[in-house]
Amino acid sequence: MDVPVKYCKTCNIWRPPRCYHCRVCDNCVDTLDHHCVWINNCVGRRNYRYFFTFVSTATIASLLLAGATLGQVIAYHNQRHITLAEAINKNRVPFAVFIYSLLGFMYPLSLWVYHLLLTGKGETTREYLASRRFPPAERHRPFTQGNFIKNWIAVLARPKPPTYLRFKKQYEEGDQRFGPRRGQRQTKLDGEAQNGGMEMKPVQGAQSAFEGPTGRISKKEAR
Ligand SMILES: [Zn+2]
Ligand SMILES: [Zn+2]
C-alpha cells in the first residue's frame, strides 16, 4: 500500500512513515502515539515503553493501595472482634483512601487496557483515531507483525534508536535548530489552519534535488 511521505516546513525534514508534527512540542515526532497532557510531553518511538511502564505501574500501585487500606480495616475488624462498621469508624482515613484508590484505579486501568489492545494490534493512538473515520473493512494496519504477542514484543522490546535532536551540537550558521522559522510558531499555525494542517510537496519538479535539513549543508556547499 502507498505510504505518503510529507515534508515538514517547520522541521525542514521529510517525515518518515508514522512520523507526525506535534504542535505543542513544535517538532516532528517519530512513531508519534499522542501528546500526553499529563506528562506534558509527546509519547513516541523512544519513550513509548516508559509511558507504558508508567501506566502499568500506576494501575498496580492503585490496586496495592486499595488492597492495603481494605486489609487494614479487615485486620482491625478481625483482631478486635468488632463489627465491620465499627472497624471502619475507627479507621476512617484508611477507608477514605480505599474509596479514593478505587476511583483513582479506573483511569490508569482503562488506559492500560486500551494501550495493551492498541499495541497488540500494531497501532498507535493516533493511527487508531485516524482509522475510525473508515469502515472496519477499510482499516489497514501496515505495521502489524501478525499477532498480539509479536506486536507486544515489537513495541516493548524493540531497541531504542538514537535521538535525532542534537541539543549539545555546536552552533553553525544556518543551524536548523535556530532556523528562520523558529520562534514564528503563531504565523505557521495560521498558515496551517488554511490548508487543513497538511503540507504536501511534489518530489518531481522541485527546485533543488536535496530537500533535507538545511542545517546539514554548510554555506560553501549551498553556493
Ligand atoms: Zn515537523
Ligand atoms: Zn508533543
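In what order do the elements of the protein run from the N terminus on? The elements run β-β-β-β-β-β-α-α-α-α-α-α-α, a total of seven helices and six strands. Helices (H or I, at least four residues) and strands (E, at least two) are DSSP runs, numbered from the N terminus. The model is predicted, so that local features need pLDDT of at least 70 and side-chain atom pairs count only at pLDDT 80 or more, while totals for chains, interfaces and linings use all residues. Residues are numbered from 1 along each chain as its sequence is written, chains are lettered from A and ligands numbered from 1 in the order in which they are written, and side-chain values use heavy atoms, without hydrogens and water. Of the 223 residues in the protein, 28% are buried (under 20% relative accessible area; exposed is over 50% and partly exposed in between, with a 1.4 Å probe and protein chains only).

Cys 25, in the loop between β3 (20-22) and β4 (27-29), and Cys 42, in strand β6 (residues 41-43), are 17 residues apart and link distant parts of the chain. Cys 25 is partly exposed at 29% relative accessible area, whereas Cys 42 is buried at 6%.

Two residues other than glycine have a positive phi near 55°: Asp 26 and His 81. Most residues other than glycine have a negative phi. Asp 26 lies in the loop between β3 and β4 and is buried, with 13% relative accessibility. His 81, in the loop between α1 (48-80) and α2 (84-90), is exposed, with a relative accessible area of 71%.

According to the unreviewed UniProt entry, the annotation "transmembrane region" covers residues 50-75 and 95-117; such annotations may be inferred rather than shown by experiment, and UniProt positions are given in the numbering used here, with feature names shortened. Residues 50-75 are 100% helix and 0% strand, with end C-alpha atoms 36 Å apart. Residues 95-117 are also 100% helix and 0% strand, and their end C-alpha atoms lie 33 Å apart.
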